[in-house]
Amino acid sequence: MWKMKGLKDKEYVGFAALPNQLHRKSVKKGFDFTLMVAGESGLGKSTLINSLFLTNLYEDRQVPDASARTTQTLTIERRGVEIEEGGIKVKLTLVDTPGFGDSVDCSDCWLPVVRFIEEQFEQYLRDESGLNRKNIQDSRVHCCLYFISPFGRGLRPLDVAFLRAVHEKVNVIPVIGKADALMPRETQVLKQKIRDQLKEEEINIYQFPECDSDEDEEFKRQNEEMKGSIPFAVVGSCEVVRDGGTRPVRGRRYSWGTVEVENPHHCDFLNLRRMLVQTHLQDLKEVTHDLLYEGYRARCLQSLARPGARDRASRSKLSRQSATEIPLPMLPLADTEKLIREKDEELRRMQEMLEKMQAQMQQSQAQGEQSDSL
Amino acid sequence: MDERRSLSPCSSRPSSPRTPPCEILGSVGIEAVLDQLRIKAMKTGFEFNIMVVGQSGLGKSTMVNTLFKSKVWQSSLPNLELPMPQTLELHSVTHVIEEKGLKLKLTVTDTPGFGDQINNDKCWDPILSYINQQYEQYLQEELLITRQRHIPDTRVHCCVYFVPPTGHCLRPLDIEFLRRLCRTVNVVPVIARADSLTIEERDAFRSRIQQNLKTHCIDVYPQKCFDEDVNDQLLNSKIREQIPFAVVGADREHLVNGRCVLGRKTKWGIIEVENMAHCEFLLLRDLLIRSHLQDLKDITHNVHYENYRVLRLNESHLLPRGPGWVNLAPASPGQLMSPGPGKVRKRANKDPREDEC
């Protein structure tokens, strides 16, 4: 392959306009994005979502009181909204998990969430393998915002259990809710504690891709800043505070001052919004598709190859963790290769059988065939 | 103006405090998503595979050189020392062209020997077989358990068919070929070496060809049935009126009125390739590269490849065991249409890059 440039600089071939062609199609098609929010009640999830996307998704929501909550189990709720800005449509689907962490006994309360995520993968796998692939709806969860309480001392056992259950299946972004309850120093300490705990428990949150060397300095600086502020300490607000004289800001008014949501010194809301929508939306979708979904698909197909392997898979998942990166096969590497080899052999045997069948069919057909088929 | 519309209602639950409605101030910043796409596209680059089909001497190689302004192939004068290929062969050449920071990986497949034999019956079979083989390769990659992140795309996105400038109408060979290929790949017919026809002859030839295509139900690119909306329809109808384009290719430059232009110099004048009054090369270039490149790829992927896939899956005789699992039967010879003499060879381009003016 040789690299060639045009004969003369002023005579362009014209394919530099290609991204615009792609552009046009994307604008027509629009984008879709599925976001999941999880965490205990009362951490400001709904308010944050409303402020992030400037919608009223939770407008008619009624907060249940304590008696209703004791009997409530975890449910999965989906809400959709279409946001249009500058001619571009984004179909945002929000998956909420009300009831998480609310009961007295929260054991296994994350299982419905895990099941939901896998069901979306399965649906997509089915659609992708089907015959009519024209309009596949992508309902896979692209990102999960997990809310951590600012009042604790880092991650609690429930947080750890939930994160460990979902971190290999969805992009997790940890967020500290209601961060206006903390002073700056307390925020730093809490963030560091959470980061240390995540490392200790080997939880893989969403990794920001590295910046290219040819990106400009401002972008690199912003990227580093964003990476450094995980988990994001956020404050959400649905109200706009209009103090006499100063410009209106979105914030929470206290008697001792006003917390401005979009002020980078007050909280990380802007960073979160920039990351989620402006710079990493596409990357989140790609990681979901290329890594997490492919991992699910590989596991699914391998278990179909050898039905017995499914039992082995569930047993070894409990006993040890694989050392390789995502996508993780459920079995250690050596076994996986053996599986693949066995599957290949099976395929070969089936192919030979089919060839014999086809040869027989062709012999019987060859007599009747005269004209060109088509 | 921003619009927000709620699609689905939420469940109602017992008891009091309500979340207050959110006042809108500022914007979310969604336009940046397009920038993300653009940056990604610039990094990964694009791929485009084009096939040129036509009899020898119709200027296929020159046309490819002119289209991409590079010496994709070296063949200015007919190389009379080389023997005429006895059978149809397919040669593929791949180049990476760069323009304004954007990389395009271009693969051109040539078909020397097409239509040159005495008996040209079934000369389209090796071509069909090649095209289907690329689909098969892609399908096999797609069915693997552990797939590559980016499956290399060798499928033919566009087939440019060169019609000799007889001035009458489409020949039986042309009709047979076009009829078969239109169902498998995007075909763009062009009138080759149009400098042997006057403008009036060209228009008459063109309308006869259009009539021929209609009579035989040959659907060339851009196909009417894939127009998505009114804008597309308007744009594509204009193009459809002018198909097939009458083109002239040239890779030598000459001085005309102080400008250096690509053209063919004869005793009675210089035919400028990029002059709309002389020939319609610019229309072909704009169609293939500037406006419809992505569309060609999309239709290849969403329509032609899907048709092939459905055909293969239906032929597999075994029911799938679960989502994603397909026991694919090996492609039968009749299905790929590969008779004896067809050969496919990939050859790296060895010629030097000469500058000409």
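Me: How many aromatic pairs does the count come to over all chains?
Reply: This is a predicted model in which local features need pLDDT of at least 70 and side-chain atom pairs count only at pLDDT 80 or more, while totals for chains, interfaces and linings use all residues. Side-chain values use heavy atoms, with hydrogens and water left out. Rings of Phe, Tyr and Trp (its six-membered ring) pair if their centres lie within 6.5 Å, and planes under 30 degrees apart count as stacked, over 60 as edge-to-face and the rest as tilted. By this rule, the count over all chains comes to 14 aromatic pairs.

Me: What kind of pair do Tyr124(A) and Tyr293(A) form?
Reply: The two tyrosines, Tyr124(A) and Tyr293(A), are both buried, where buried means under 20% relative accessible area, exposed over 50% and partly exposed in between (1.4 Å probe, protein chains only). The ring centres of Tyr124(A) and Tyr293(A) are 5.0 Å apart and their planes stand at 85°, so the pair is edge-to-face.

Me: Which residues form one aromatic cluster with Tyr124(A) and Tyr293(A)?
Reply: Arg140(A) lies over the face of Tyr293(A), at 4.8 Å from the ring centre, a placement that requires NZ of Lys or CZ of Arg within 6 Å of the ring centre and within 35 degrees of the ring normal. The aromatic cluster that holds Tyr124(A) and Tyr293(A) also includes Phe121(A) and Tyr296(A).

Me: What is the relative accessibility of Tyr161(B)?
Reply: The rings of Phe114(B) and Tyr161(B) have centres 6.1 Å apart and planes at 90°, so this pair is edge-to-face. Phe114(B) is buried, with a relative accessible area of 0%. Tyr161(B) likewise counts as buried, its relative accessibility being 1%.

Methods
Residues are numbered from 1 along each chain as its sequence is written. Chains are lettered from A and ligands numbered from 1 in the order in which they are written.
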